Amino acid sequence: MRLSKYFLPIIKENPKEAEIVSHRLMLRAGMIKQSSAGIYSWLPLGFKVLQKIENIVHEEQQRAGHMPMLMPTMQSADLWRESGRYDDYGEEMLRVKDRMDRDMLYTPTAEELMTDIFRSHVTSYKDLPITMYQIQWKFRDERRPRFGVMRGREFYMKDGYNFDLTKEAALHAYNRHLVSYLRTFERMGLQAIPMRADSGPIGGEDTHEFLVLAETGESEVFYDASVTDLTFGDRDIDYDNVEQCAGVLKEFTSRYARTDETHDEALFAQVPIERQRKARGIEVGQIFYFGTKYSDPMKALVQGPDGKPVPVHMGSHGIGVSRLLGAIIEASHDENGIIWPASVAPFGAVVINMRVGDAACDAWSQNAYNMLVKAGMDPLLDDTDKGAGAKFATADLIGVPWQLVVGPRGIQAGEVELKHRKTGEKQSLSLEAAVNRIVAGA
RNA sequence: CGGAGCGUAGCGCAGCCCGGUAGCGCACUACACUGGGGGUGUAGGGGUCGUGGGUUCGAAUCCCGCCGCUCCGACCA
């Protein structure tokens, strides 16, 4: 992509409404534009990152054996009356009437609809287990939306639902989700710590939230500092292996880590004092086991081996896909702008042509760009007629991992300058060596 | 939902107290010079002053209503 043809409305001054760094940087980098309170348009750069994050979530869900699907944003109130949540959910649910005066709502979550799909087609225990998920826009009419995409009213969420015959089987699904979430967040360069949490209106017995530590987080958290030493890494996991998944859950949840909702001072006091930490966190995911809370009232039954109908055991699991952009930026930025982890960076590298119109610079830049395209790096070519300072500032702000600088000085020496956004490491290399370095670092 | 505040050019703001028909910086357009960290000069374009009403000879400015947005709190998969 050529920057001169891209829609990238950079803002130089800080927007006054943006209090936290991720919101400020997303606005300044031209990623989002607010449309009304808590509702945003995703401009090309923001949309590109959103899609990269979404793709990682899809890949990891399918790796764990979960099936993607898509349900509507507008739902009839009838199903929600069946579960009892039409009245329970309160003002946060956006309710509308259609032209026939029927009660409709914009989905804040989809337990009811998914349960209805399940019960319409599944009648035998032999068809279990089933886990399906979607990545779809949700709406929750927050009293006070804030912090940009971190607490929007409209937001993009992965929500998954498992259906199992027994509690044990459903708990395996729970553990499997925990494992896949650990891998998902790590792939985005985030450390998300599973913490025992409160179930809220979803209801249920077991639930963990995944928290990314950040000063601007909305949740207060208490944990044993040793949990931050745990990394999932590149483990080979068999997601059908009950013991293996349970082992990971035990490894990652046996130390003290709780949100303020479930914090227990007495238990916390047992953590060695030098490892007691009180901090703030951003919730990027949550997993629930809630048994038959929905299958009972909605009659989602299957026939067991003995021929008798039993309600299925269920859980649901969410990842705040749009919120993740904010969380990643909170975790990875500096005073000049965003520093994207390579896995979610909107472009793999930016080629900066220092002197547009100069024949040699233009030719070298185009050549560098072509080589990066051929290497699959999805580069951005800054071929704008701005001053050098503005070009560097833009490159820093949008935060792509590599800056490849083409200018007359370097060309005289037969070299380009390669700069790494995160480390600041600069080196002069031949064009081929620079491209190889970028490919190797990706 | 309680409390506080803001709405004037794309963005950030001044002007309002004390009424006389709108200004600054950035951005933008043209040209020239430039170019290794938001460069310089010259010349330009762009505003129903959120909205409706009231007071007044006259309202961005004073009064009332409404709408929108932000912040603090409470609330929140």
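**Exercise 1. Locate Arg421 in this predicted model, and decide whether Arg421 counts as buried or exposed.**

Solution. Begin with the chain itself: Arg421 sits in the loop that runs between strand 22 and strand 23. Next, count the neighbours: there are 24 C-beta neighbours inside 10 Å of Arg421, and a residue is called buried when 20 or more other C-beta atoms lie within 10 Å of its own. Arg421 therefore counts as buried. Finally, ask which residues surround this position: leaving aside neighbours within four places in sequence, Arg421 is in contact with Ile339, Asp396, Gly399, Val400, Pro401, Trp402 and Gln403. Gly399 is 22 residues away from Arg421 in sequence, although the two C-alpha atoms are 6.7 Å apart in space.

**Exercise 2. Work out the strand order of the open sheet of five strands, and say which strands stand at its edges.**

Solution. Reading across the open sheet, the order is 20-19-21-22-23, and the pairing is mixed. Strand 20 (380–382) and strand 23 (426–429) each have a single partner strand, so one side of each is left without a neighbour in the sheet. On average, neighbouring strands here are turned by 20 degrees against each other, if direction is ignored.

**Exercise 3. Determine how many residues of strand 21 are buried, and which residues lie on each side.**

Solution. First take the count: five of the five residues of strand 21 are buried. Then recall a rule about strands: in a regular strand the side chains alternate between the two faces of the sheet. In strand 21, Trp402, Leu404 and Val406 lie on one side, whereas Gln403 and Val405 lie on the other, and both faces are covered.

Helix 10 (residues 359–374) lies across strand 19, strand 20, strand 21 and strand 22 (416–420), and runs at about 170 degrees to strand 19. Helix 11 (residues 388–398) touches strand 19, strand 20 and strand 21, with a direction that makes about 175 degrees with that of strand 19.

**Exercise 4. Describe how helix 10 and helix 13 meet, and which residues make the contact.**

Solution. Two packed helices are described by the angle between their axes and the distance between the axes. For helix 10 and helix 13 (residues 431–441), the axes come within 10 Å and cross at roughly 35 degrees, and the crossing is right-handed. Helix 10 contributes Trp364, Asn367, Ala368, Met371 and Leu372, and helix 13 contributes Leu431, Val435 and Ile438. Sorted by class, this contact has seven nonpolar residues, one polar residue and no charged residues.

Notes:
Residues numbered from 1 in each chain as written. Chains lettered and ligands numbered in written order. Predicted model: local features only at pLDDT ≥ 70, side-chain atom pairs only at ≥ 80, totals over all residues. Pairing = 2+ DSSP bridges. Helix = DSSP H or I, 4+ residues; strand = E, 2+ residues; numbered from the N terminus. Axes fitted to C-alpha atoms, helices over the stretch in contact; angles between N-to-C directions. Contact = placed C-beta atoms within 7 Å. Left-handed = near helix turned anticlockwise from the far one by under 90°. Nonpolar A, V, L, I, M, F, W, Y, C, P; charged D, E, K, R; others polar. Buried ≥ 20, exposed ≤ 12 C-beta atoms within 10 Å, placed from the backbone.
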